[in-house]
Amino acid sequence: MAKQGRRPQPKKVLDMRGSWRGKTALPRVEDVGVTGAVTTVPDPPGWFTEAMRVYWAQVGAALADAGMLSSMTGMLLTRYCVALTRWEYVQVWLSANGNDHGTIVSESGYVYAHPYVTLAKNLGTELLRLEQELGITPASARSLGIPIPKETNDASQAVDAKARFFRKA
């Protein structure tokens, strides 16, 4: 279910603007943190396949580093790993069978979508929802207060990147 209304401004932004809402706002995740956060990734469920275990370790480590892994996120992480493995299988199957365009023509000439294309679309939608809940997408990470690392290695690259926006007099 989608959230209603505008996204809330971070408390730091409200404080910098001098807004009274910065002083009276309720505590948010970035101020309080996740209750019961764990720093190590627990063992995956026993019925997981090897591919699911790989995703469990990768995503679990990222969530633990961000401080978002807790006992409450275990079931979400399980569903995410299962859906991601199934989505990957469907995408590989579609590519291997040359059905990237995703249509089938019946004997009567009717064109319809391949069932795997529909499955890939539904799994993609489910993955996006789970990613938003887990804070994997940049927008959801920002709303949950997870710091997003910058990927610039050199300070001169950042300056050069901004130079294209500013005209030299």
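**Exercise 1. The salt bridge**

Which side chains meet in a salt bridge, and what is the distance from N to O?

*Solution.* Begin with the basis of the work: this is a predicted model, in which local features need pLDDT of at least 70 and side-chain atom pairs count only at pLDDT 80 or more, while totals for chains, interfaces and linings use all residues. Residues are numbered from 1 along each chain as its sequence is written, and side-chain values use heavy atoms, with hydrogens and water left out.

Step 1. Apply the criterion: a salt bridge is a side-chain nitrogen of Lys or Arg within 4 Å of a carboxyl oxygen of Asp or Glu.

Step 2. Identify the pair. The side chains of Arg 79 and Glu 126 form a salt bridge, at 3.5 Å from N to O. Arg 79 belongs to helix H5 (residues 74–96) and Glu 126 to helix H6 (residues 115–134), so the pair ties together parts that are 47 residues apart in sequence. Helices (H or I, at least four residues) and strands (E, at least two) are DSSP runs, numbered from the N terminus.

Step 3. Count the bridges. The structure holds one salt bridge.

Step 4. Describe the exposure of the partners. Buried means under 20% relative accessible area, exposed over 50%, and partly exposed in between (1.4 Å probe, protein chains only). Arg 79 is partly exposed, at 43%, and Glu 126 is also partly exposed, at 27%.

**Exercise 2. The faces of helix H6**

Determine the span of H6 and state where its buried residues lie.

*Solution.* Step 1. H6 has 20 residues and reaches 28 Å from its first C-alpha to its last, close to the 28 Å expected at 1.5 Å a residue. The expected span is 1.5 Å times one less than the number of residues.

Step 2. The buried residues of H6 are Ala 120, Leu 123, Leu 127, Leu 130, Glu 131 and Leu 134. Viewed down the helix axis, these residues fall within an arc of 100°, so they line one face of H6; the arc is taken from the directions from the helix axis to the C-beta atoms.

Step 3. A general rule applies here: an α-helix has 3.6 residues a turn, so residues three or four places apart point the same way.

Step 4. Lys 121, Arg 129 and Glu 133 are exposed on the other side of H6. After the helix comes Gly 135, with a positive phi near 80°.

**Exercise 3. A buried charge**

Which residues does Glu 131 touch, not counting residues up to four places away in sequence?

*Solution.* Step 1. Glu 131 is located in helix H6.

Step 2. Glu 131 is buried yet has no salt bridge; Arg 129, the nearest side chain of opposite charge, is 11 Å away. In this assignment Lys and Arg count as positive and Asp and Glu as negative, while His and the chain ends are not counted.

Step 3. With such sequence neighbours left out, Glu 131 touches Tyr 80, Ile 136, Thr 137 and Ser 140, where contact means heavy atoms within 4.5 Å.

**Exercise 4. The packing of helix H5**

Against which helices do the buried residues of H5 pack?

*Solution.* Step 1. H5 has 23 residues and reaches 33 Å from its first C-alpha to its last, close to the 33 Å expected.

Step 2. Its buried residues include Leu 77, Tyr 80, Val 82, Leu 84 and Leu 94. The buried residues of H5 pack against helix H4 (50–66) and H6.

Step 3. H5 is followed by Gly 98, whose phi is positive, near 65°.
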